[in-house]
Amino acid sequence: MPKHLRKDRHSRNAPIKTSRTDVDDEVLADEDMSVCSNISDATSIYDEIEAGLNAATTVILSSDNLDEKLDSAIEELRNKDLKTREHGLCTLQALFSQKYLPDQVANRSENIIEQLISCLKKGNESEGKLAAIVTSLFFIQLGESNDELFQKFRDAIMPILRDETKSSSLRTRYAQTIGIVCFIGCEDIASSVDLMKSLEIIFSKSYVLKDGTIPIVTRDLQELHAAALSSWCLLVSTMPNNHAHDLIRIYAPEKIPGLIESSDADLRNQAGETIAVLYEIARDINSVFADPPESLLKTLDKKANESVKYKGKKEKRLQRATFREIYNSFEEGTSPEFTIKFGREVLEITSWTGRLYYNGFSNLLGTGMNVHLKENGFLRSVFNLDDAAVEENQQAKGNRFERQLANKAAFKLRTQALRKTRDNKVIRSHHED
């Protein structure tokens, strides 16, 4: 049973609402279009490889032979040639993100697991990044807890994540992936806590030093620290109430707020949003630490109004917007609010935890987020979407399939009839000559 469905976590997902809209079929010409507002300016995992992926995706998804595409991609992962393996990973990335293929993936899971672990262990930068993304998407496709499977991928990912000789960008991708893999696949609380400790070891190197000074950290390492903190925050949201209480007591007043002083914009903003999630959980579980100290409120207010010349306009604008929203959540009791329309449904995000989930999964799935929101039972459970709608979607798919078969049969009959007509015309023309 996925941990986000446990009873003691229900209240944290409660602010996420869903509704059905009575929209005419003409308005739904493009059912996969979504409408949303007030989404944080998160960087998508596709930004680095989007140019090459777009062209590949069009070719991959244009084919009806998805089973053949899957088998071919898995076979390519076994190839000794690096470019061939990367091509296979790109194919799987496109299929897993844009399509929901639970049966096909489950039937091939052993082969996929074996090849992904092999690619992850190699630690090659380009291959490793792709393998990490595909691993996250693979777990989203499976959508179920499996501690044994989690441990296999953890043992492949963590040695490279801890290896400081590996590139920071590769370790950043692995830090993002291990958070998603644990969030979906790990039932064991002790394993999740151990992973959180490992992630903290990484981002703790950006903590304010004992003498009050800010450590000097390279830009690449700051990106790694932001990714580790993001995964740590994701796992905090899965903790039982007693564990959550202890984490809030230790990290909310001083440790995480210290990261707000980082020179890196992404790490500052991630620290701010982590603080918002921690105190939101504290209020949900009626923790005695639900009220932030005055010093933290002053820091948030300062960042919400900061204007310094050495920062870019976009960086300052994003920082002010982020911290103003966080500050208002304490002072006025407000929460992030935005809606996502997909097909006939509307998802309303009304909490910091909900936004954390939405940003994390949408950055992975890209434009396929709408497909998964409609069809992926795991993702729908994360956002408390109605199961009945999944059954309705599956029924609609069945009806479409039946119509397609009928159309093909009718087309075949028409073709045969036209062929006979043409043959008769040819015979008549010969006789007339």
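At what angle do the axes of helix H4 (residues 82–98) and helix H7 (residues 125–142) cross, and within what distance do they come? In this predicted model, the two axes come within 9 Å and cross at roughly 30 degrees. Angles under 35 degrees count as roughly parallel, and H4 and H7 are therefore roughly parallel to each other.

**Two helix pairs**

H4 passes H7 in a left-handed crossing. On the side of H4, the contact is made by Leu82, Arg85, Glu86, Leu89, Cys90, Leu92, Gln93, Leu95, Phe96 and Ser97, while H7 contributes Ser126, Glu127, Leu130, Ala131, Ile133, Val134, Leu137, Phe138 and Gln141. Sorted by class, this contact of H4 with H7 has 12 nonpolar, 4 polar and 3 charged residues.

A second pair is formed by helix H9 (residues 168–185) and helix H16 (residues 352–365), whose axes come within 12 Å and cross at roughly 115 degrees. Because angles of 65 to 115 degrees count as roughly perpendicular, H9 and H16 are described as roughly perpendicular to each other. The crossing of H9 and H16 is left-handed. Ile180, Phe183 and Ile184 of H9 make the contact with Tyr357, Phe361 and Leu364 of H16. By class, the contact of H9 with H16 has 6 nonpolar residues, with no polar and no charged residues.

**Salt bridges**

Side chains of opposite charge can pair when their charged atoms come close. A search of the whole structure finds 19 salt bridges, and the table gives some of them, with the distance between nitrogen and oxygen atoms.

| Arginine | Partner | N to O distance |
|---|---|---|
| Arg108 | Asp67 | 3.1 Å |
| Arg268 | Glu315 | 2.8 Å |
| Arg380 | Glu345 | 2.9 Å |

The side chains of Arg108 and Asp67 meet in a salt bridge. Arg108 lies in the loop between helix H5 (102–107) and helix H6 (109–122), whereas Asp67 belongs to helix H3 (residues 66–77), so the pair ties together parts that are 41 residues apart in sequence. Arg108 counts as buried, at 13% relative accessibility, while Asp67, at 36% relative accessibility, counts as partly exposed.

Arg268 forms a salt bridge with Glu315. Since Arg268 lies in helix H13 (residues 265–284) and Glu315 in helix H15 (residues 313–331), this pair ties together parts that are 47 residues apart in sequence. Arg268 is buried, with a relative accessible area of 1%, but Glu315 counts as partly exposed at 28% relative accessibility.

Arg380 forms a salt bridge with Glu345. Here a helix and a strand are joined: Arg380 lies in helix H18 (residues 377–382) and Glu345 in strand E3 (residues 345–349), so the pair ties together parts that are 35 residues apart in sequence. Are these two partners buried or exposed? Arg380 is buried, with a relative accessible area of 0%, and Glu345 is buried as well, with a relative accessible area of 4%.

Salt bridges also link residues into a group, and Arg219, Glu223, Asp264 and Asp266 are connected in such a network.

Definitions and conventions
Residues are numbered from 1 along each chain as its sequence is written. This is a predicted model: local features need pLDDT of at least 70, side-chain atom pairs count only at pLDDT 80 or more; totals for chains, interfaces and linings use all residues. Side-chain values use heavy atoms; hydrogens and water are left out. A salt bridge is a side-chain nitrogen of Lys or Arg within 4 Å of a carboxyl oxygen of Asp or Glu. Helices (H or I, at least four residues) and strands (E, at least two) are DSSP runs, numbered from the N terminus. Buried means under 20% relative accessible area, exposed over 50%, partly exposed in between (1.4 Å probe, protein chains only). Axes are lines fitted to C-alpha atoms, for helices over the stretch in contact, and angles run from 0 to 180 degrees between N-to-C directions. Angles under 35 degrees count as roughly parallel, over 145 as roughly antiparallel, 65 to 115 as roughly perpendicular and the rest as oblique. A crossing is left-handed if the near helix is turned anticlockwise from the far one by less than a right angle, and right-handed if clockwise. Contact means heavy atoms within 4.5 Å. Ala, Val, Leu, Ile, Met, Phe, Trp, Tyr, Cys and Pro count as nonpolar, Asp, Glu, Lys and Arg as charged, and the others, Gly among them, as polar.
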